Amino acid sequence: MGAFDGKLDFLTATEFVSTIVNAKEDSTGKLLNPELQQYYEEWLGFIWWKWEEKFSLMDHVKFWDSSELPNGIANEDTLVNIIGILEGQPFPKNKSPWEVVVLRNVKLKRVANEDELKTAIIFR
């Protein structure tokens, strides 16, 4: 999990994730993290990586609805609860098993500018 000052918009969040997903090796141009665009499938007792047919970051970057939070603000306890909810959710079939969940209006302790609301990014 990471945190940013202020509110992070969807475009900025998607661009941030895109730099990781689409990062390429300088010398060969191959993806550094091809598994981020692949899912695994079991066949004859073996696990195989398969490419997503129509990979889209929109399937992997999501915003948590802040209106569901008490007073619209999350704290560290709320984050623990949200992570627990996310852990219990399966990934969609035939999609790479990861997601980035963006949660705005987070109040954190032991960070710079404790009084300022943050945006939390949860990598799962």
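Reply: Start with a pair of charged side chains: Lys 50 and Glu 41 form a salt bridge, with N and O 3.3 Å apart. Keep in mind that this is a predicted model.

Me: Is Lys 50 buried or partly exposed? And what about Glu 41, buried or partly exposed?

Reply: Lys 50 has a relative accessible area of 33%, so it is partly exposed. Glu 41 is partly exposed as well, at 29%.

Me: How many salt bridges does the structure hold?

Reply: There are eight. One of them joins Arg 110 to Glu 76, with the closest N and O atoms 3.6 Å apart.

Me: Where do those two sit in the chain?

Reply: Arg 110 is in the loop between β5 (100-106) and β6 (118-123), while Glu 76 belongs to helix α2 (residues 76-87). The two are 34 residues apart, and the pair links distant parts of the chain.

Me: How accessible is Arg 110, and how accessible is Glu 76?

Reply: Arg 110 has 70% relative accessibility, so it counts as exposed. Glu 76 has 26%, so it counts as partly exposed.

Me: Which residue forms a salt bridge with Glu 99?

Reply: Arg 124 does, and the closest N and O atoms of that pair are 2.7 Å apart.

Me: Why does that pair tie together parts that are apart in sequence?

Reply: Because Glu 99 lies in the loop between α2 and β5, whereas Arg 124 comes in the segment after β6; the parts they tie together are 25 residues apart in sequence.

Me: Is Glu 99 buried or exposed?

Reply: Buried: its relative accessibility is 6%, and the cut-off for buried is under 20%.

Me: Which residues do shared partners join into one network?

Reply: Glu 52, Asp 59 and Lys 95 are joined that way, through salt bridges that share partners.

Me: Let's zoom out. What is the secondary structure of the protein chain?

Reply: It has two helices and six strands. Along the sequence they come in the pattern β-α-β-β-β-α-β-β.

Me: What box do the C-alpha atoms fill?

Reply: Roughly 50 × 35 × 25 Å, taken along the principal axes. The chain has 124 residues, and 30% of them count as buried.

Me: What share of the contacts is between residues 24 or more positions apart?

Reply: Counting contacts with a separation of 6 or more, 59% are between residues 24 or more positions apart.

Me: What about charges: how many positive and negative side chains are there?

Reply: The chain has 14 positive and 20 negative side chains. The centres of the two sets are 2 Å apart.

Me: And the surface: how much of it belongs to carbon and sulfur atoms?

Reply: Of an accessible surface of about 8300 Å², carbon and sulfur atoms account for 55%.

Me: Which residues make the nonpolar surface patch?

Reply: Phe 4, Phe 16, Ile 20 and Phe 123 make a patch of about 340 Å². Phe 4 is in strand β1 (residues 2-5), and its relative accessible area of 33% makes it partly exposed.

Me: I also see a tryptophan. Where does Trp 51 lie?

Reply: Trp 51 is in strand β3 (residues 46-51). With 48% relative accessibility, Trp 51 is partly exposed.

Me: What does Trp 51 touch?

Reply: Leaving out residues up to four places away in sequence, Trp 51 touches Leu 31, Pro 34, Gln 37, Gln 38 and Tyr 39. Take Gln 38: it is 13 residues from Trp 51 along the chain, yet their C-alpha atoms are separated by 4.3 Å.

Me: Last topic, the backbone. What is the phi of Asn 94?

Reply: Asn 94 has a positive phi of about 65°, although it is not a glycine. Asn 105 also has a positive phi, about 65°, and is not a glycine either.

Me: Where is Asn 94, and where is Asn 105?

Reply: Asn 94 is in the loop between α2 and β5, and Asn 105 is in strand β5. At 38% relative accessibility, Asn 94 counts as partly exposed, whereas Asn 105, at 15%, counts as buried.

How values were computed:
Residues numbered from 1 in each chain as written. Predicted model: local features only at pLDDT ≥ 70, side-chain atom pairs only at ≥ 80, totals over all residues. Heavy atoms only, no water. Patch = residues over 30% accessible without salt bridge, like charges linked within 9 Å, V, L, I, M, F, W, Y side chains within 5 Å. Areas by Shrake-Rupley, 256 points an atom, 1.4 Å probe, with all protein chains shown as cover. Salt bridge = Lys/Arg side-chain N within 4 Å of Asp/Glu carboxyl O. Helix = DSSP H or I, 4+ residues; strand = E, 2+ residues; numbered from the N terminus. Buried < 20%, exposed > 50% of the residue type's maximum accessible area, 1.4 Å probe, protein only. Contact = heavy atoms within 4.5 Å. Lys, Arg positive; Asp, Glu negative; His and termini not counted. Charge placed at Lys NZ, Arg CZ, Asp CG, Glu CD.
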